[in-house]
Each structure stands twice: as C-alpha cells, then as structure tokens.
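Hi there,

Here is the structure I promised to hand over.

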Amino acid sequence: MPQISSIGKFLDQPILTAKLNKNMPAILTGGSSLFLANQLHKTPEDERFKSGLKSFIVLGATGIAALNAPKIAAYITKKETTKPFAQIIKNNEKLVEEYLKNNTFSKEISKILEKAKNKVLSIKEIDKLNIPEHKTFLDKLIPPPENIQAKDLFKEIGWLSIYGAIPVAGGIVGGIVADRMTERNWKKQVPNKINEGIYQYLANIFMCNIGAGAALGILEKCNIKSKAARCVGMTAGIILTGVIGGSAVANYIGNKIINPLLLKNHKNETRTPELLDIGLHSDDIATVSLLSGLKWIEPSLPLLYSISGYRAGIGYRNDKSQCKKLDEHDKNKHSKNVKNEEKAHFLRQKC
C-alpha cells in the first residue's frame, strides 16, 4: 500500500502537469465532439443542422477562449506560467545525472531514476523513492506544495478570476454569433446569455474565489498552517460567498440592470442553483487546491470553465414553465396549432 504522500507526489509531478497542459487542446476537442454528437442524437432530425451549427460555434468559441485563458490571465497578472515540457525534461535529466554520478544505487532504483528523466513515474515507483534516503532528491524532482502567503493571495485570486471570465465571455460571444447566423429574432436571446454569463461567473467562479481567498486570509492572520484546516476553511468560504451570495448578486444584476437595459417588457426572474450548477463547483476544488499550493489540478481548468462558458453561450435559464411549453409543443408537433418552431428550438436548448 503506497503512502498518501506518494500519491500526492505522483499528482504533482511537473512532467505530468506539463503533459496534461500539452494535451488539453485534444482533450477539450474530444470532449466537445462527444457532447455535440450526443446532443445531435437527441435532437429531431429536421432541427439537427441548425442545432449542430449553433452548438459547434458556441463550443468552438468557448474552447478557444478557455485554451488561451491561462496565457492571457498570466500576462495581465504578471504570474509565472508553467514551464514548457522541453524545459522540464532538460531540468530532470540534469538533476538525475548528478544524483546518479554522486551516489550508488540498486538496479531497481537506478532504473526508476533513468525513467524519471523524461517519463511520468507511477505511484509505486515514486513510493520506492519516497523514503528519507532520497527525500532531498525527490523534493527537487517534484517540489512539495507551498502554502500561498497573504502577500501573493490577491495575485492568485486575480489570476483565477480573469482565467474564469475568459471562457464565459467566449461562450457569450459565440452564442450571439451563432444566433445571429441561424435565428431571425436573435437579439431577444442576448439578455439571457448575458444574465447566464453573469450567473455562471459570479456564482460558480468569482465569488467562490473571493470566499476561498477571504477564508485563507483569515487563517493566515491566525497563523494556521495546517493544509486540512485551510481546505475546510476555504470550502466554507466558497459555500457562503459563492453558492449563496453569488447566486443572489447575479440575479439582482440581471433583474435590475441587464433586463431593463435590453428588454422593453421584462419580468423579474430568479435563476436558482441546479444539480449541474452544484457539479460545476468542482472547479472550486481547483481553487482550493491551487491556493493550498497544489498544482496538479491546474491543467484541468480549461475543461471545467468551458462548461460555464457553454451554458452562458446558450443562455440557459431554469424556467420550468418554458420546459412545460416545450413538452406541449413536442406532443403536438404534427398538429396544425404548432407555428413557432424557432421558439421551440430555443426552449429545447434550455431544457
């Protein structure tokens, strides 16, 4: 049974993080393709072209924005970016060569060290090195996580918040372009996209970052260094400010600013958290992990934030009455009373 610390070391391997970063475009493209195929399978045949085109545009815009978000956010916040894969390999080779030159090891350990030059080590292999004898070397090969200090807190939160905003903005732009190309009354859908984008950003990203950061700042002031305590504290901050506060603020902005500005006749609506919204808070695990000094989750952020971007792009609103209207439409699809296929198409995307 490997040590828990060995599992942490396995996940935090710089070469593993670099590989995930390098392969994220392919992973994101593959995931989007599977999602699009599934959506087309569930869409009536006569609506597949329009639905497929819209989803393709929204997914493409969101994906491009998400993949470029790390560099843009790092440039704005002056944050150090992840080292290139080639540089990590070069560093590993130099480190291992020096260690082999100055020490004598068993055949098994020598083989593991040779592999560490340019390949990802397994948990079992790391466990073999994760003993006092190799601790100094292993910490150089796989640097241990460092708790973020208060002085660096705002920069990290700023980076995460800008990072999350870019895929959401990409989704909104992609959604508007898609509607402009396929719908006559495309302008009527713009408020929904903006409102959903605000909801996704505030409730699922920004306010959660603020809550985690505030909790971390309090723990820092209290001189609490325990990683377990920091994780619990940040999770509590996320629940209070993001899940609860973010939803309320987003609804207020939508009802008091966006809808009056863009709609002549508008009614107040409340966007409530749903099961998928709760699932979207998996990106808050990334927030907690990164603020705790763990870097292994960082490459998955484009994938996590793309979900929020896509939902903003389709202007999702959880109005159950609309879903009931869609049910009635589908039941009477072939009746003479069905006149507005375009409206039904919008409802189907939301429900």
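Helix 2 passes helix 3 in a right-handed crossing. A crossing is right-handed if the near helix is turned clockwise from the far one by less than a right angle, and left-handed if anticlockwise. Before going further: this is a predicted model, in which local features need pLDDT of at least 70 and side-chain atom pairs count only at pLDDT 80 or more, while totals for chains, interfaces and linings use all residues. Residues are numbered from 1 along each chain as its sequence is written, and side-chain values use heavy atoms, with hydrogens and water left out.

Back to that pair. Helix 2 covers residues 14-42 and helix 3 covers residues 48-77; their axes are 10 Å apart and they pack at an angle of about 160°. Axes here are lines fitted to C-alpha atoms, for helices over the stretch in contact, and angles run from 0 to 180 degrees between N-to-C directions. Helix 2 and helix 3 are therefore roughly antiparallel to each other (under 35 degrees counts as roughly parallel, over 145 as roughly antiparallel, 65 to 115 as roughly perpendicular, and the rest as oblique). Helix 2 meets helix 3 through residues including Met 24, Leu 28, Phe 35 and Leu 36, and the helix 3 side includes Arg 48, Phe 56, Leu 59 and Leu 67 (contact means heavy atoms within 4.5 Å). By class, the contact of helix 2 with helix 3 has ten nonpolar, seven polar and one charged residues; Ala, Val, Leu, Ile, Met, Phe, Trp, Tyr, Cys and Pro count as nonpolar, Asp, Glu, Lys and Arg as charged, and the others, Gly among them, as polar.

Helix 3 also packs with helix 13 (residues 301-313), at an angle of about 140° and with the axes 9 Å apart. Helix 3 and helix 13 are therefore oblique to each other, and their crossing is right-handed. Among the residues that meet are Ser 55, Val 58 and Thr 62 in helix 3, and Pro 302, Ser 306 and Tyr 310 in helix 13. The residues of this contact divide into six nonpolar, five polar and no charged.

Lys 78 has a positive phi of about 60° although it is not a glycine. Most residues other than glycine have a negative phi. At 61% relative accessibility, Lys 78 counts as exposed (buried means under 20% relative accessible area, exposed over 50%, partly exposed in between, with a 1.4 Å probe and protein chains only).

Helix 4 packs with helix 5 (residues 107-116) at an angle of about 155°, with their axes 8 Å apart. Helix 4 and helix 5 are therefore roughly antiparallel to each other. Val 96 and Tyr 99 of helix 4 and Leu 113 and Glu 114 of helix 5 are among the residues that make the contact.

Further along, Asp 179 is found in helix 8 (residues 150-182). Asp 179 counts as buried, at 1% relative accessibility.

Of its 351 residues, 46% count as buried.

Best wishes

Terms used. Helices (H or I, at least four residues) and strands (E, at least two) are DSSP runs, numbered from the N terminus.
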